[in-house]
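Subject: Structure for your review

Dear colleague,

Please find the structure below. My notes on it follow.

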Amino acid sequence: MLLLVGFDKSHMEELESKSKELEEAQDFEDNIEFLQRSEDIEWDIGYHEWADARQEAKALKEESDGRFSLDWGTYMVHQAKKKDIRPALVYELLKVETGGKFDPDLTGPQTKYGHAYGLAQFMKNTGPWIADLAGLPYSHSMLFDPYYSIQLSIEYLDHLHDKYEDWDQALTAYHRGVSGLETYEEEHGDAKSWYAVEIQEKAADKQDLLAKQ
């Protein structure tokens with residue numbers, strides 16, 4: 001009888017814990033402002049998806065020495081998987097783009113095309129049309145919102161991979177632009193830029209780590 005009572009108490013504690021985590025997952029959306037104004041982006045997550053995403057996000061936070069927050073990682077893991085994109089690939093792209101700092105307020109150096117902004121380093125001439133493509137609202141200041149920047153990077157990667165069906169081309173186009181990709185392929189005979197190779201190699205190693213979570 002005592003064992004039965006112990007089991008019931010343990011079971012109730014587990015249910016209470018799950019209920020609390022579900023509330024946390026649902027409250028999470030309320031704190032991401034752009035989702036309330038997005039036409040096509042949803043935060044539809046169940047308990048097990050939340051728990052899995054949270055575990056992977058913990059590993060990414062640890063790998064980044066705390067620079068890539070647990071909440072950013074949770075959001076990124078879930079949204080990337082919805083597009084059948086490896087979360088580790090998005091993580092490594094953001095890491096390269098920010099020089100490992102994961103600074104959402106980052107403004108990149110001046111180039112002939114202008115500056116790049118935020119966690120995913122989008123330029124003013126790129127961000128608006130990707131946002132429109134994805135049914136996202138847009139303003140320049142939103143590029144400094146880490147969740148928005150993560151979502152925009154996922155949408156752009158999804159678009160490029162659909163276009164080329166090849167990650168070398170998709171990543172090189174992300175880095176250099178479509179015309180830059182074409183120039184690179186003309187000069188080198190393929191799309192295996194340092195950017196594409198480094199991100200994919202490190203993502204493959206990181207994905208093994210996430211699979212163990």
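Predicted model: local features only at pLDDT ≥ 70, side-chain atom pairs only at ≥ 80, totals over all residues.

Lys 83 is placed in the loop that joins α4 (70-82) and α5 (87-97), where helices are DSSP runs of H or I with at least four residues, numbered from the N terminus. Its relative accessibility is 30%, so Lys 83 counts as partly exposed; buried means under 20% relative accessible area, exposed over 50%, and partly exposed in between (1.4 Å probe, protein chains only).

Residues are numbered from 1 along each chain as its sequence is written, and side-chain values use heavy atoms, with hydrogens and water left out.

Helix α3 has 17 residues, which at 1.5 Å a residue should span 24 Å; its end C-alpha atoms lie 25 Å apart, in agreement. The expected span is 1.5 Å times one less than the number of residues. Among the buried residues of α3 are Tyr 47, Trp 50 and Leu 60. Ala 57 also belongs to α3 and counts as buried because its relative accessibility is 0%. The C-alpha atom of Ala 57 is 4.4 Å from that of Gly 73, 16 residues away along the chain. Just after α3, Asp 65 adopts a positive phi of about 55°.

Asp 40 sits in the loop between α2 (33-36) and α3 (47-63), and it counts as exposed because its relative accessibility is 54%.

Kind regards

Terms used: Helix = DSSP H or I, 4+ residues; strand = E, 2+ residues; numbered from the N terminus.
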